[in-house]
Amino acid sequence: MSGATHEVPVMIAGDAIGHVGGGARTWRYRLWRHLRAHDVRLDLVGSDDPLDDIRAEVAEYRPDYLLVLLGVDELRRPPVDPGRFEADLRASIADARRANPNLRIVLGHVLPTHHAGPDPEFAARAAGYNTRIDAIAADLDTADSPIVVAGTDAEFDAGDHTADGLHPNPAGEVRIAAAFADALADRFHLGAHYPRPLPRAAGGATGPHPHRDRADLDPE
């Protein structure tokens, strides 16, 4: 669908990593800019936390795509068993499909954090979440409402790509955006793969200043 001449409605759901606030652009801006460069105009729709009532949000905003990045806050405050996580995510997908049976869904993997290193229990939960995400995508994928996984953890290193061991810095935002861009291009032919090599952060800011977007990223 590269070369789209109309806006493509996309809803992004998840924890605070995907939210815009305090001047930070977050990974959704980087995805928007990348797809814009390939003539795909995204219309980012929905509230900051659409999962609170996903059926109503999808019914109101009618997204073609639902991008989900969950896990970091869900793992920490309070800890949630992977089985409960899976049940909740399956229920959210079912609710979203009731509002739009043709919804295309991309599920991102839980990101690495510094908490996983010294805390084996936390690391096990994170791995369990990603195993469940893979299982959900394989089990619930249909021709009418395809589901694909974005490997958001594949090129993401907590030491290099977060500002505080948890929240992505600009280079981390790029890696999340790249994983979703690759999934959209591969499964849905929307846009193109994110160009490699991916940039690295020159500093530790949690998000770029509006007039400093290129200055805080250097090629690797």
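Student: Within what distance do the axes of α4 and α5 come, and at roughly what angle do they cross?

Tutor: An axis is a line fitted to C-alpha atoms, for a helix over the stretch in contact, and angles run from 0 to 180 degrees between N-to-C directions. Here the axes of α4 and helix α5, which covers residues 120–140, come within 9 Å and cross at roughly 35°. Helices (H or I, at least four residues) and strands (E, at least two) are DSSP runs numbered from the N terminus. This is a predicted model, in which local features need pLDDT of at least 70, side-chain atom pairs count only at pLDDT 80 or more, and totals for chains, interfaces and linings use all residues. Residues are numbered from 1 along each chain as its sequence is written, and side-chain values use heavy atoms, with hydrogens and water left out.

Student: In which hand does α4 pass α5, and which residues of the two helices make the contact?

Tutor: A crossing is left-handed if the near helix is turned anticlockwise from the far one by less than a right angle, and right-handed if clockwise. In this model α4 passes α5 in a right-handed crossing. On the α4 side the contact (heavy atoms within 4.5 Å) includes Phe85, Leu89 and Ile93, while the α5 side includes Tyr129, Ile133 and Ile136.

Student: How confident is the predictor, on average, in this protein?

Tutor: That is read from pLDDT, the confidence in each residue on a scale from 0 to 100. The protein averages 84, and 79% of the residues score at least 70. Over residues 202–216, however, the pLDDT is below 50, although this stretch has 33 contacts in the model beyond its near neighbours in sequence.

Student: How many helices and strands are there, and in what order do the strands of the open sheet lie?

Tutor: There are 7 helices and 7 strands, and along the sequence they follow the pattern β-α-β-α-β-α-α-β-α-β-α-α-β-β. Strands of a sheet pair through backbone hydrogen bonds, either parallel or antiparallel. Two strands are taken to pair if DSSP finds at least two bridges between them. By that rule, 5 strands form an open sheet in the order β2-β1-β3-β4-β5, with parallel pairing. Its edge strands, β2 (41–45) and β5, each pair on one side only, and neighbouring strands are turned by 25° against each other on average, with direction ignored.

Student: What can be said about β4, and which helices lie against the sheet?

Tutor: Strand β4, residues 104–108, pairs with β3 over 5 bridges and with β5 over 4 bridges, in the parallel sense. Helix α2, residues 54–61, lies across β1, β2 and β3 and runs at about 165° to β1. Helix α4, residues 82–99, packs on the sheet against β3, β4 and β5, its direction making about 160° with that of β4.

Student: How many residues does the largest nonpolar core have, and which have the most contacts inside it?

Tutor: A nonpolar core is a set of buried Ala, Val, Leu, Ile, Met, Phe, Trp, Tyr and Cys residues joined through side-chain atoms within 4.5 Å. The largest one here has 29 residues, and those with the most contacts inside it include Trp27, Leu31, Val106 and Phe180. At least two residues each come from β1 (7–14), α1 (26–37), β3 (65–69), β5 (147–150) and α7 (170–188), with the largest share, 10 residues, supplied by α7. Apart from this core lies another, of 24 residues, among them Leu66, Leu89, Ile136 and Ile147.

Student: Are Pro9 and Asp52 buried or exposed?

Tutor: Pro9 lies in strand β1 and is buried, with a relative accessible area of 14%. Leaving aside residues up to four places away in sequence, Pro9 touches Asp43, Val45, Arg62, Pro63, Asp64 and Tyr65. Asp52, placed in the loop between β2 and α2, counts as exposed at 66% relative accessibility.

Note on methods:
Buried means under 20% relative accessible area, exposed over 50%, partly exposed in between (1.4 Å probe, protein chains only).
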